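Let's take a walk through a protein model together.

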Amino acid sequence: MNPQMLFWVPALLRMSLLLLFVGITGYFFGPAIAFGLGTAGFGLVVLVQLKYLYRLSGWLDDPDSEKLPDGWGAWTDVFSRLYRLRRDDEKNRTELGEWLTRFRQAMSLLPDGVVIMDDVLFLEWCNPAAERHLGLQNLRDKGMRVTNLIRSPDFMDYIILGRYEHPLTLTLRERKLIVQIIPFENRRQILVTHDATESERIDMMRRDFIANASHELRTPLTVINGFLEIASSQPNLDAQTRSAHLKLMTEQGHRMQNLVEDMLTLTRLESIEYPLRPERVAVKALLEQIMDEAKALSAGRHTITLSADGPDIKGGTEELRSAFGNLVSNAVRYTPEGGTIKISWKMSKSGPQFAVQDNGIGISPEHIARLTERFYRVDKGRSRETQGTGLGLAIVKHVLLRHDAILTIDSKPEQGSTFIVSFPITAAMADTFSAASDSVAAVG
Ligand code: ADP
């Protein structure tokens, strides 16, 4: 039976019963008594309806607090249907509340900013990323016009032109932002912001690197091309000049080769495709080889010593050869003839420590923080003279990053420099560790 029938059938049945009762009373006791009883019966029915109407109106005033009354007759059905509606409504509200909480959480984790505005750009809501990017505060700025909050002429122009199909690049609060307005629904718009500061910085570094590398390669190439032109335009050059030219060309060829090799090393060190594969590194033996190479580079112009009683460590042998080798060859290259270079490897309290100390030209404090930047040189002429590529300390920095090690530079102009590499204690191989501690204690 449909709900309408459920309502009408019992109601009509009750009315019919009342009329039947009035009819029977009239037949037996006369019309006056029947009329009186009929009127009283209808009055009673009306009173009951009024009572439930009154309760319904009280409940409608505050549906949440009041318990729904129990009904009588057709009211039972009305109240039970209202009860079901209220239960469904509560369920929907709970679900909506949970969904809203999830939505807010997701929005607050989003790295991109989202601002919801009405059609005339009054702020309705924004997520924490938008607060950071644009300097907004959701609660404080709600209901304010976004153009009054984001004070940027470029943003104003973007709004005035209304070409929202293209994003706008904006510099705001020292950040590079990519912003775009997307209309949605009929009368709302979303402003999306993406922080491109970091990617812009990386892009700039890449551009600088390419410009620097091209510049570094151009010089030796120009020299080689110049001599090749001379050789082809003057075939009868005397043997002495020809061999001098060949010597200079070979030097420049080596310079290019060093540069390309250093660039490839740096690329490999930065690449996730070449993760460090730790192995046992016999540092003492490695440093002995490096010292021999340093002696060859110095060609007897310096006194070079090695004291190595530190432990073997876990790391990449070739990478450490490159890092330690660069630091030692720098000490040779930046120390005038007669100078002393001390290489040491020991176990300190905080972990294994490599150091190379020279009494060479030293470095002014303002340069120290920038030394590990690619192609950064204090004295360009001296670096080139000694076959420097300007990439040595950048390579050191990357190797140390991969070994969780730290580089400390202590230097004074005209007095010399000490480059210290500190490894974490966990890098030391346990079997050589205690022996090493003993020797440190013995030395100390
Ligand atoms: P380069 O190939 O020019 O030596 P590096 O990256 O190895 O490049 O070093 C960067 C700069 O740091 C050098 O150009 C030099 O000015 C300075 N430098 C590095 N090591 C020393 C040192 N031991 N003494 C003085 N200056 C140094």
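**A guided walk**

Strand β7 (residues 303–308) pairs with strand β9 (residues 340–348) in the parallel sense, over 6 bridges. A quick word on terms: strands here are DSSP runs of E with at least two residues, helices are runs of H or I with at least four, and both are numbered from the N terminus. Two strands count as paired if DSSP finds at least two bridges between them. Before going further, keep in mind that this is a predicted model: local features need pLDDT of at least 70, side-chain atom pairs count only at pLDDT 80 or more, and totals for chains, interfaces and linings use all residues. Residues are numbered from 1 along each chain as its sequence is written, and side-chain values use heavy atoms, with hydrogens and water left out.

Back to β9. Its residue Lys 342 is the bridge partner of Thr 305. β9 also has strand β10 (residues 351–358) as a partner, and here the two run antiparallel, joined by 8 bridges. Look for Trp 345, which stands opposite Phe 354 in β10. Between β9 and β10 there are 2 residues, and the two strands form a hairpin.

Now hop over to β5 (residues 188–195), which is joined to strand β1 (residues 113–118) by 6 bridges, the two running antiparallel. In this pairing, Val 114 stands opposite Val 192 in β5. Strand β4 (residues 175–184) pairs with β5 too, again in the antiparallel sense, over 8 bridges. There you'll find Val 179 opposite Thr 193 in β5. β4 and β5 make a hairpin with 3 residues between the strands, and in it Glu 185 takes a positive phi near 45°. While you're looking at strands, a handy rule: in a regular strand the side chains alternate between the two faces of the sheet.

Points are joined across faces, edges and corners, and a volume is the space filled by probe spheres set on them.

The second largest pocket has a volume of about 790 Å³. It is lined by 27 residues, and the closest to its centre are Met 205, Arg 206, Asp 208, Phe 209 and Arg 374. Which helix gives the most to this lining? That's α8, with 11 residues. By class, the lining of this pocket has 9 nonpolar, 5 polar and 13 charged residues. (Ala, Val, Leu, Ile, Met, Phe, Trp, Tyr, Cys and Pro count as nonpolar, Asp, Glu, Lys and Arg as charged, and the others, Gly among them, as polar.) Why does the pocket lie between domain 3 (199–270) and domain 4 (279–443)? Because both domains give residues to its lining. The domain bounds come from an automatic or database domain assignment.

The structure also holds 1 cavity of 30 Å³ or more. The largest cavity has a volume of about 40 Å³. Among the residues that line it are Glu 216, Arg 255, Arg 377 and Thr 389. α9 gives the most to this lining, with 3 residues.

Thr 389 turns up again at the ligand: one of its backbone N or O atoms lies 2.9 Å from an oxygen atom of the ligand. The side chain of Asn 330 has an N or O atom 2.9 Å from a ligand oxygen as well. For Gly 392, a backbone N or O atom lies 3.3 Å from an oxygen atom of the ligand.

Conventions. 1 Å grid on protein atoms, 1.4 Å probe; cavity = no way out; pocket = protein on both sides within 12 Å on 5 of 7 lines; lining within 4 Å. Nonpolar A, V, L, I, M, F, W, Y, C, P; charged D, E, K, R; others polar. Polar contact = N/O pair within 3.5 Å; in protein donor to acceptor, adjacent residues only side chain to side chain.
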